[in-house]
Amino acid sequence: MARLCAATRSSLHLIEPFGFKLDDTQLKRAGMDYWQHVEWHRWPSWAAFQKKLSDRARPWFVESKGPRLYTEAGFAPDDYLVFGRETAGLPKKLVQENPDRWLRIPMFNAKARSLNLSNCVALVLFEALRQQGFKGEV
């Protein structure tokens with residue numbers, strides 16, 4: 001995730017509780033060359049993160065069973081992409097309270113549980129960047 005955020009100049013917001021430890025050896029190894037290039041923030045709760053959002057910000061919740069495909073959303077520069085844990089997903093209450101911003105990635109094999117989190121984030125993030133004309137590409 002750190003590599004993806006570094007490559008796209010996207011901010012990474014980590015909201016507790018995590019499904020991992022920030023000091024995990026694997027986590028550090030996975031992004032060791034990239035953490036210095038990532039603007040990232042750690043939030044103690046969803047409520048703390050929500051207080052920080054501007055009036056223009058729209059969080060988009062990407063979770064299975066969402067009523068809309070991620071390609072049907074119209075993404076703007078102040079939007080946030082919100083993903084849950086690979087094992088548990090997002091809290092049901094959160095997506096049910098935001099059905100107009102609840103998105104899904106289509107799946108084609110019922111025997112496959114899901115894609116991994118970084119693949120999901122990459123798919124939706126690059127769609128949002130595409131919609132905005134890939135501004136800032138080097």
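This report covers salt bridges, backbone geometry, a pocket and a surface patch in a predicted model.

## Salt bridges

The whole structure contains 5 salt bridges. One of them joins the side chains of aspartate 78 and arginine 56, at 2.7 Å from N to O. This pair links distant parts of the chain, with aspartate 78 in the loop between E4 and strand E5 (80–82) and arginine 56 in the loop between helix H3 (46–52) and E3, 22 residues apart. Aspartate 78 is partly exposed at 30% relative accessible area, while arginine 56 is exposed at 62%.

Aspartate 79 and arginine 58 also meet in a salt bridge, with an N to O distance of 2.7 Å. Aspartate 79 lies in the loop between E4 and E5 and arginine 58 in the loop between H3 and E3, so this pair ties together parts 21 residues apart in sequence. Aspartate 79 has a relative accessible area of 13% and is therefore buried; arginine 58, at 29%, is partly exposed.

A further salt bridge, at 2.8 Å from N to O, is formed by the side chains of arginine 130 and glutamate 127. Both residues are in helix H5, and because they are 3 residues apart, about one helical turn separates them. Arginine 130 is partly exposed at 46% relative accessibility, whereas glutamate 127 is buried at 11%.

## Backbone geometry

Most residues other than glycine have a negative phi, and most peptide bonds are trans. The peptide bond from glutamate 16 to proline 17 is cis, with omega near 5°. Proline 17 is in the loop between strand E1 (12–15) and helix H2 (25–31).

Two non-glycine residues with positive phi are described here. Lysine 65 has phi near 70° and sits in the loop between strand E3 (59–62) and strand E4 (68–69). With 71% relative accessibility, lysine 65 is exposed. Phenylalanine 134 has a phi of about 50° and belongs to the segment after H5; its relative accessibility of 37% makes it partly exposed.

## Pocket and surface patch

The second largest pocket has a volume of about 590 Å³. It is lined by 23 residues, of which Glu63, Ser64, Arg113, Ser114 and Leu115 are the closest to its centre. The lining comprises 9 nonpolar, 7 polar and 7 charged residues.

Leu115 also belongs to a nonpolar surface patch with Met107 and Leu123, and together the three have about 220 Å² of accessible area. Methionine 107 is located in the loop between strand E6 (102–104) and helix H5 (117–131), and is partly exposed at 39% relative accessible area.

Conventions
Residues numbered from 1 in each chain as written. Predicted model: local features only at pLDDT ≥ 70, side-chain atom pairs only at ≥ 80, totals over all residues. Heavy atoms only, no water. 1 Å grid on protein atoms, 1.4 Å probe; cavity = no way out; pocket = protein on both sides within 12 Å on 5 of 7 lines; lining within 4 Å. Points joined across faces, edges and corners; volume = space filled by probe spheres on them. Nonpolar A, V, L, I, M, F, W, Y, C, P; charged D, E, K, R; others polar. Patch = residues over 30% accessible without salt bridge, like charges linked within 9 Å, V, L, I, M, F, W, Y side chains within 5 Å. Areas by Shrake-Rupley, 256 points an atom, 1.4 Å probe, with all protein chains shown as cover. Salt bridge = Lys/Arg side-chain N within 4 Å of Asp/Glu carboxyl O. Helix = DSSP H or I, 4+ residues; strand = E, 2+ residues; numbered from the N terminus. Buried < 20%, exposed > 50% of the residue type's maximum accessible area, 1.4 Å probe, protein only.
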